[in-house]
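Let's take a walk through this structure together, one piece at a time. Keep the 3D view open as you read.

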Amino acid sequence: MKILTNHSTILVVDDNPINLKLMDYTLSAAGYNVKMEANGLNVIQKVNDIMPNLILLDIMLPDISGFEICEQLQADPRTQSIPIIFMTALADTMDKVKGLSLGAVDYITKPFQKEELLARVRTHLHLQSLITSLERQNQELRQLTQRNEDLEQRVAERTAKLQAALEKEKELSQLKSRFITMASHEFRTPLAIISSSSGILQKFSDRLSAERKEQHLQTIQNTIKHITQMLDDVLMINRAEAEKIELHLETSDIIAFCRHLKEEIETTSNQHTINFYVDLGEEIMENYLIIQFDEKILRQILTNLLTNAIKYSPSHNLVNFSLTKNNNQILFKISDRGIGIPEADQANLFEPFNRASNVGTIAGTGLGLAIVKKCVDLHQGKINVESRAGEGTTFTVSLPFFKG
């Protein structure tokens, strides 16, 4: 549709040349741009060519009826909004009703009166102008609403990101606060041990046997390792919370890796034995299994679980460590017969700085299992715990099987 002006285009369709000339004279004098068509079969094409603002259409045409033309125009989305006024010499009310039912907006009875013709044309052009203006406003409103919805969506997404960032910052802040609290408590004892042993060596070195000196030096070294491990744990959990740890898969023999780790941990704990066994089923008969895994991440997982099993078990107790395969998963199971974990403490077992209520005086930061959980998640695996206080604990870690 054209935007309506004082020079609106009106198409007059009538097979009577006299009527066409009369219509042209009357409407042109009123300031309208008049187009005429006498052949009904040409009307559809002409309407599509000029897209008039209004059509005056004779019902009684020799080649095609005005009713048929009206139906075709109403069926086309491009022309269905053009107002049509029927011109008829018929006095039959049924014909007028039929015309209106087909989509015409009005009718004029021939011979027409000039004032009546102009009044009806002005009225329907004005109505069409209002409709066009309203449609344009509705379109602008829809566009504005869409822009507002898009803006609200962007604001909501940005707000969610900021909220997530604030939550992460809050978690890191709480982590730092808990670290300060832990450090003031957990570092005091090992530092006191170092101070005591170094003081004895400094003041009484000439009175101590070589064996006693070696014992104090070993105590200092072990305590320094303990402090270093605590600092490493804090740095590790801080990096994990900040999502700065990446998974780097490498191809290696998982069986050899586990055996080496088992021997390494046994060496540092000469009061416990780790029983390591492999059951990969009949499909794998060899004494090796080449798969892809992150050695650094897996070392964090298994070292923490194995050292915990040793730490919370009686001296000379046996720790079982198994490697099995289940479909597309590699399973690591670490079992002990130690103090176990009370059921009430198991819900928060993997939270940083969280320790079970029955650990007593056993030293620890409460970071080991939190690190294990972060590392397992990073490796796209799962960890499960089965434990009863006083009976022992079994941790099962399942990781995806990436064949090397």
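A quick heads-up before we set off: this is a predicted model. Let's begin where two helices touch. Val43, Ile44 and Val47 in helix 2 meet Ile69, Gln72 and Leu73 in helix 3. Sorted by class, the residues of this contact come out as 5 nonpolar, 1 polar and no charged.

How do these two helices sit against each other? Helix 2 covers residues 43-50 and helix 3 covers residues 66-75, and they pack at an angle of about 40°, with their axes 10 Å apart. Angles under 35 degrees would count as roughly parallel and 65 to 115 as roughly perpendicular, so helix 2 and helix 3 are oblique to each other. As helix 2 passes helix 3, the crossing is right-handed.

Now step back towards the start of the chain. Strand 1 (residues 9-13) and strand 2 (residues 33-37) run parallel, joined by 5 bridges. To find your place in this pairing, look for Thr9, which stands opposite Asn33 in strand 2.

Helix 8 (residues 254-268) packs with helix 9 (residues 295-311) at an angle of about 40°, and their axes are 11 Å apart. Helix 8 and helix 9 are therefore oblique to each other, and helix 8 passes helix 9 in a right-handed crossing. On the helix 8 side, the residues involved include Phe257, Leu261 and Ile265, while helix 9 brings in, among them, Leu298, Leu302 and Ile310. Overall, this contact has 9 nonpolar, 3 polar and 3 charged residues.

Technical notes
Residues numbered from 1 in each chain as written. Predicted model: local features only at pLDDT ≥ 70, side-chain atom pairs only at ≥ 80, totals over all residues. Heavy atoms only, no water. Axes fitted to C-alpha atoms, helices over the stretch in contact; angles between N-to-C directions. Helix = DSSP H or I, 4+ residues; strand = E, 2+ residues; numbered from the N terminus. Parallel < 35°, antiparallel > 145°, perpendicular 65-115°, else oblique. Left-handed = near helix turned anticlockwise from the far one by under 90°. Contact = heavy atoms within 4.5 Å. Nonpolar A, V, L, I, M, F, W, Y, C, P; charged D, E, K, R; others polar. Pairing = 2+ DSSP bridges.
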